[in-house]
Amino acid sequence: MKKIIILLIPILLSSCFFSDNNKVEEAKQEMLWDQVSNTWEEVSGTSVEENTDTQEEKKDEPTVTITSLTSWTQLIEIEDLSNKDFYAWEFYINWKVLWEVDKIEVSFSNETSSYPEDLYNLKQFKKWDTTFKYMASSNFKTLDFWLNKYIFTAYSWDSTYKIKVEINIPEKEKTDSTSTEKEDSNTSANIEKNTLWDNSEINNLTIKEDFVTDDINCTNLTDFLVENYWYSYWNSCRDITKDKSIWFYVLRLKGENYFYEKHYINYETKQYWILLLETWTWVTKDTIKDKNDELKQISWDEVLKADKKFK
């Protein structure tokens, strides 16, 4: 009997020991799960707050919406615009041509802006092109605060395809840095840093009043352009009225873009006119002369209007 009791004691002790161990382990697990649960609630709570803050921030950020206005075969496809810096006030809208397209028009409107509505026929587009670009720019009066609407119309034989791009740019607090940034993005030369105003009667015409013009003429025109532009090439400088006014064409480079313009200067009225005729990419310092020779051969409707008005 004593032997049996002696044998049972370790077993009972062992049973109690394992039972106590199980309880300890269960207690530990409960503590751990409580900690995990609390941590999850804290993380979840923080995540919700961060998402709310992010949503609040996004309300003040630019948004882009691209909508097809035509139900039949898609002719062009607008590429992603999410990586654009809209507050730089100048960027390209790129697209792919999915079918043979004869020509493309782009209309612009912004109901809250003072900029006029604009309809632009992409003159450089050729029917064999597979990609193309359109520059939205505050300098060209085609980009402003709030809702900018662009409708791209592609023509192919007797078919048309329309796609709408809406870019909403919330107006930021007016600060010196913001104003300076916008002003800098709208200027590419010293002459443009003076006050220029847009002429609504002629597309892409800007006019500078009270411009000092006494020392600018066809003889020293190169020096004047070198001083004011990064890289330029001019052609066909002519007197409009002897010793009173001149005009000349300028092809200039800025970053990846080129700008072909006709300039008018009146010494007596101190007016400086700049008529933008074409802007695009793919011109370098090595090819600027060839491009200048090509552009010289083109007749521009806006030039006829400006010539008549300037006289």
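1. Two strands are taken to pair if DSSP finds at least two bridges between them. In this structure, which is a predicted model, strand S3, covering residues 90-97, is joined to S6 by seven bridges, and these two strands run antiparallel.

2. Strands S3 and S6 belong to an open sheet of three strands, in which the order is S2-S3-S6 and the pairing is antiparallel. Strand S2 (76-78) and strand S6 (131-137) each have a single partner strand and stand at the edges, so that one side of each is left without a neighbour in the sheet. On average, and with direction ignored, neighbouring strands of this sheet are turned by 30° against each other.

3. Helix H5, made of residues 301-310, has Glu302, Val303, Ala306 and Phe310 as its buried residues. Because these residues cover an arc of only 100° around the axis, they lie on the same side of H5. The exposed residues Asp301, Leu304 and Lys308 are carried on the face of H5 that is turned away from its buried side. Among the elements that cover the buried residues of H5 are strand S11 (231-241), strand S12 (245-254), strand S13 (257-266) and strand S14 (271-280).

4. Lysine 291 deserves a separate look, and this residue lies in helix H4, which spans residues 288-296. With a relative accessible area of 11%, lysine 291 is buried, as buried means under 20%. Leaving aside residues up to four places away in sequence, lysine 291 touches Gln124, Leu251, Tyr258, Glu278 and Val283.

Notes
Residues numbered from 1 in each chain as written. Predicted model: local features only at pLDDT ≥ 70, side-chain atom pairs only at ≥ 80, totals over all residues. Heavy atoms only, no water. Helix = DSSP H or I, 4+ residues; strand = E, 2+ residues; numbered from the N terminus. Axes fitted to C-alpha atoms, helices over the stretch in contact; angles between N-to-C directions. Buried < 20%, exposed > 50% of the residue type's maximum accessible area, 1.4 Å probe, protein only. Arc of directions from axis to C-beta. Contact = heavy atoms within 4.5 Å.
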